[in-house]
Amino acid sequence: MLNRQGRPTQAGAASHEERATFTGNKALQQIEPLIFEIGHHEATGVDIDKPAPFKSRLGKHARQGEIGLPGLSEPETMRHYVRLSQKNYGIDTGLFPLGSCTMKHNARLNEKMARLPGFSDVHPLQPFSTVPGALELMLELARYLMTLTGMPAVALSPKAGAHGEACGMMAIKAAIEAKGEGASRNVVLVPESAHGTNPATAALIGFSVKAVPARPDGTVAVEDVKALLGPDIAAIMLTNPNTCGIFEPQIVEIAAAMHEAGAYFYCDGANFNAIVGKARPGDLGVDAMHINLHKTFSTPHGGGGPGAGPVVLSARLAPFAPVPFIHVEDDGRLHLIETREEAPEGNKPFGRMTAFHGQMGMYVRALAYMLSHGSDGMRQASEDAVLNANYIRAGLSDLMSLPFPDHPSMHEVLFDDEWLKGTGVSTLDFAKAMIDEGYHPMTVYFPLVVHGAMLIEPTESESKASLDLFIATLRDLAMSAKGNDKERFTSAPHHAPIGRLDETRAARQPVLKWEKPAPAKAAE
């Protein structure tokens with residue numbers, strides 16, 4: 001068997017037992033212990049002079065014992081973290097197929113712009129007179145977001161998707177209370193295929209949640225929504241394109257039904273990457289939608305941040321946008337409204353979402369992306385994201401089963417585990433085997449409406465060559481699974497630094513603190 005370089009693969013090479021090494025390292029794949037295991041408490045990488053006599057002001061807060069931190073030299077510290085970084089997989093390592101996450105390439109131009117003086121070192125407590133450029137950038141970003149979505153207002157401060165969801169739903173709650181319906185409209189409709197944060201957000205701010213069933217084709221039917229409507233319904237939280245990778249065909253009718261019932265339409269904007277420049281949520285009847293700048297507009301994503309989740313609002317909700325927001329004075333000067341009391345007449349902010357204005361670095365990166373692409377470039381990015389997803393779909397659909405074959409995929413393609421029946425291989429096994437092939441697994445077991453789901457989102461960032469190799473790899477894995485090569489899957493990954501863990505035990509009995517192991521007993 002030959003690989004893509006025409007060289008024998010391990011399976012085709014002469015069989016031999018893997019030779020153990022003294023260090024445990026395998027050439028460039030180096031074992032890296034925890035920092036507590038390689039450092040020493042009595043050592044330090046820095047020489048510190050003994051301080052002059054002083055009187056401590058810590059009182060009872062003074063440390064009573066040793067900190068227990070390991071000391072390493074500078075080279076040891078550098079090597080430790082570099083080796084750890086080499087075990088990580090990121091979008092700069094290879095294709096990142098996580099569905100519903102949009103792990104797209106972050107152009108280095110955006111990074112360069114975010115590091116410009118005046119943006120990288122701006123402080124939220126600076127006087128307004130010293131940050132006119134930052135305010136102007138925020139205003140321009142807001143203009144782009146409102147234009148792309150067809151919405152008249154935007155709140156920039158939310159930090160990410162779930163934070164944005166809370167913002168939109170709090171604006172809806174404020175609008176309902178302003179109409180005197182706060183006590184009666186307290187139920188939010190959430191489709192079964194929604195992101196888990198949707199029902200959690202609704203419950204967090206005091207709503208009860210009622211599920212909307214998914215049709216056999218993975219979409220939401222307006223008839224099912226209408227059957228649930230009543231004077232107690234506050235809103236619906238619908239993702240479009242939905243989490244099955246399908247554009248909701250009755251979204252306009254659903255929005256109209258909600259409005260006729262006096263309720264609101266919240267759209268989860270996590271998948272906006274699929275429709276930028278193609279469809280404006282405002283035209284579809286959306287009242288509020290968060291936008292993940294860290295998904296749609298290329299800024300870094302993952303690892304806990306940084307994120308940004310601005311929320312666009314319809315005319316019905318615009319007066320309730322939270323502070324802070326930028327106001328253009330009559331003389332053209334920009335002013336950041338920080339409190340409800342400062343808000344111009346007609347504005348009724350529901351409050352404040354976060355301490356300051358949001359994520360300036362993310363604003364800069366997102367606007368740099370928008371300016372460098374232009375309207376036609378952003379539209380093409382959406383078209384290419386959809387094209388790439390359908391290219392993967394076409395390349396794998398003869399081997400892997402599609403739960404919803406009647407709808408074209410949008411930005412992501414969804415497979416189920418029907419094709420794995422009788423093989424003894426599970427979705428998780430298949431995902432682990434992808435690690436051996438050098439790929440991060442796709443999103444698995446989500447959305448929950450599909451059994452054994454495998455959700456793949458290539459984004460527009462990938463070339464045809466990278467997609468062809470990815471498809472060929474998954475085809476090889478699929479044929480091995482169907483060819484009864486269970487060992488390739490059930491014990492995978494074989495080539496990762498750490499083998500398969502007991503994930504159930506890790507979730508139920510997590511070890512969150514390193515404890516020094518007890519000394520080994522001497523052999524008798």
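Visitor: When does a charge sit over a ring, and which residue lies over the face of F207?

Guide: A charge sits over a ring if NZ of Lys or CZ of Arg is within 6 Å of the ring centre and within 35 degrees of the ring normal. The model is predicted. In it, a residue placed at 5.8 Å from the ring centre of F207 lies over its face, and that residue is K173.

Visitor: How many salt bridges are there, and what is the N to O distance between R108 and D92?

Guide: The count comes to 21 salt bridges. One of them joins R108 in helix 3 (residues 108-114) to D92 in the loop between helix 2 (74-85) and helix 3, 16 residues apart. R108 is partly exposed at 45% relative accessible area, and D92 is exposed at 55%. The N to O distance in this salt bridge is 2.3 Å.

Visitor: Which parts of the chain does the salt bridge of R475 and D398 tie together, and how many residues apart are they?

Guide: The side chains of R475 and D398 meet at 2.7 Å, N to O. R475 belongs to helix 13 (residues 464-482), whereas D398 is in the loop between helix 11 (360-396) and strand 10 (413-415), so the parts tied together are apart in sequence by 77 residues.

Visitor: Why is strand 2 described as largely enclosed by the rest of the structure?

Guide: Side chains in a regular strand alternate between the two faces of the sheet. In strand 2, V187, L189 and P191 point one way and V188 and V190 the other way, and all are buried. Strand 2 (residues 187-191) is therefore largely enclosed by the rest of the structure, the buried count being 5 of the 5 residues.

Visitor: What is the handedness of the crossover from strand 2 to strand 3?

Guide: Strand 2 and strand 3 (residues 208-212) pair in the parallel sense over 5 bridges, with L189 opposite K210. Between the two strands the chain passes through helix 6 (residues 197-204), and this β-α-β crossover is right-handed.

Visitor: Which residue of strand 4 is the bridge partner of V188?

Guide: Strand 2 also pairs with strand 4 (residues 233-239), in the parallel sense and over 3 bridges. Within strand 4, the partner of V188 is A235.

Visitor: How many aromatic pairs are counted, and what arrangement do F36 and W514 have?

Guide: The count comes to 6 aromatic pairs. The ring centres of F36 and W514 are 5.3 Å apart and the planes are at 10 degrees; since planes under 30 degrees apart count as stacked, the arrangement of F36 and W514 is stacked.

Visitor: Which residue joins W419 and F430 in a cluster of ring pairs?

Guide: The rings of W419 and F430 have centres 5.4 Å apart and planes at 90 degrees, so the pair is edge-to-face. W419 is in the loop between strand 10 and helix 12 (427-436), and F430 is in helix 12. Both W419 and F430 are buried. Ring pairs link W419 and F430 into a cluster with F489.

Methods: Residues are numbered from 1 along each chain as its sequence is written. This is a predicted model: local features need pLDDT of at least 70, side-chain atom pairs count only at pLDDT 80 or more; totals for chains, interfaces and linings use all residues. Side-chain values use heavy atoms; hydrogens and water are left out. A salt bridge is a side-chain nitrogen of Lys or Arg within 4 Å of a carboxyl oxygen of Asp or Glu. Helices (H or I, at least four residues) and strands (E, at least two) are DSSP runs, numbered from the N terminus. Buried means under 20% relative accessible area, exposed over 50%, partly exposed in between (1.4 Å probe, protein chains only). Two strands pair if DSSP finds at least two bridges between them. A crossover is right-handed if, with the strands pointing away from the viewer, the path from the first strand over the helix to the second runs clockwise. Rings of Phe, Tyr and Trp (its six-membered ring) pair if their centres lie within 6.5 Å; planes under 30 degrees apart count as stacked, over 60 as edge-to-face and the rest as tilted.
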